[in-house]
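Subject: A structure for you to explore

Hello,

Here is the structure I promised to send you. Have a look at it first, and then read on for what turned up in it.

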Amino acid sequence: GQIRIEVFDIFDRWGNLVFSSPAFRLGQETRKWDGTQNGKKMPAGVYLWKLRAIFPDGFVDHKMGSALLVR
């Protein structure tokens with residue numbers, strides 16, 4: 001089995017959701033954040049992300065982190 005990502009969201013520094021991906025399996029990503037929201041380029045800066053992963057054995061893991069968007 002593969003790891004399933006149930007939630008993958010990206011937020012700006014004010015906590016506004018700028019990207020949300022539908023559930024996917026690792027290695028089968030079909031949507032990636034391209035640094036835009038509604039077709040507009042987001043400003044350079046730090047963005048926060050969170051995900052919820054479900055492993056083949058049923059273990060659920062939550063992760064959070066940050067990413068730097070550079071233009």
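To start, a question: is Ala 23 buried, partly exposed or exposed? Ala 23 counts as partly exposed, because its relative accessibility is 34%. On the scale used here, buried means under 20% relative accessible area, exposed means over 50%, and partly exposed is in between (1.4 Å probe, protein chains only).

Two notes before we continue. This is a predicted model, in which local features need pLDDT of at least 70 and side-chain atom pairs count only at pLDDT 80 or more, while totals for chains, interfaces and linings use all residues. Residues are numbered from 1 along each chain as its sequence is written, and side-chain values use heavy atoms, with hydrogens and water left out.

**The overall picture**

The protein chain has zero helices and seven strands, which gives the pattern β-β-β-β-β-β-β along the sequence. Helices (H or I, at least four residues) and strands (E, at least two) are DSSP runs, numbered from the N terminus. Along the principal axes, the C-alpha atoms fill a box of roughly 40 × 20 × 15 Å. Of the 71 residues in the protein chain, 21% are buried. The protein chain exposes about 5100 Å², and carbon and sulfur atoms supply 55% of that area (Shrake-Rupley method with a 1.4 Å probe; for residues, only the protein chains shown count as cover).

Strand E1 (residues 4-11) and strand E6 (residues 45-54) run antiparallel and are joined by seven bridges. Two strands pair if DSSP finds at least two bridges between them. Arg 4 has Ile 54 in E6 as its bridge partner, and Ile 54 also stands opposite Val 60 in E7. E6 and strand E7 (residues 60-69) are antiparallel as well, with 10 bridges between them. Gly 45 has Leu 69 in E7 as its bridge partner. Five residues lie between the strands in the hairpin of E6 and E7, where Gly 58 takes a positive phi near 95°.

**Back to Ala 23**

Ala 23 sits in the loop between strand E2 (17-21) and strand E3 (24-25). Leaving out residues up to four places away in sequence, Ala 23 touches Arg 4, Ile 5 and Glu 6 (contact means heavy atoms within 4.5 Å).

**Salt bridges**

How many salt bridges does the structure hold? There are two, a salt bridge being a side-chain nitrogen of Lys or Arg within 4 Å of a carboxyl oxygen of Asp or Glu. One links Glu 6 and Arg 4, whose closest N and O atoms are 2.4 Å apart. Glu 6 is partly exposed at 26% relative accessibility, and Arg 4 is partly exposed at 29%. Another joins Lys 63 to Asp 61, with the closest N and O atoms 3.6 Å apart. Lys 63 is partly exposed, at 43% relative accessibility.

The structure holds three aromatic pairs. One of them is edge-to-face, because the rings of Phe 8 and Phe 19 have their centres 6.2 Å apart and their planes at 70°. Phe 8 lies in strand E1 and Phe 19 in strand E2, so this pair ties together parts that are 11 residues apart in sequence. Rings of Phe, Tyr and Trp (its six-membered ring) pair if their centres lie within 6.5 Å; planes under 30 degrees apart count as stacked, over 60 as edge-to-face and the rest as tilted. Phe 8 is partly exposed at 22% relative accessibility, whereas Phe 19 is buried at 7%.

Phe 19 also belongs to the largest nonpolar core, which has six residues, the others being Ile 10, Val 18, Met 42, Tyr 47 and Leu 69. A nonpolar core is a set of buried Ala, Val, Leu, Ile, Met, Phe, Trp, Tyr and Cys residues joined through side-chain atoms within 4.5 Å. Beyond its neighbours within four places in sequence, Tyr 47 has contacts that include Ile 10, Val 18, Trp 33, Met 42 and Leu 69.

**One last residue**

Where is Asn 38? Asn 38 is in the loop between strand E4 (36-37) and strand E5 (40-41). Asn 38 is exposed, with a relative accessible area of 75%, and has a positive phi of about 55° although it is not a glycine. Most residues other than glycine have a negative phi.

Enjoy exploring!
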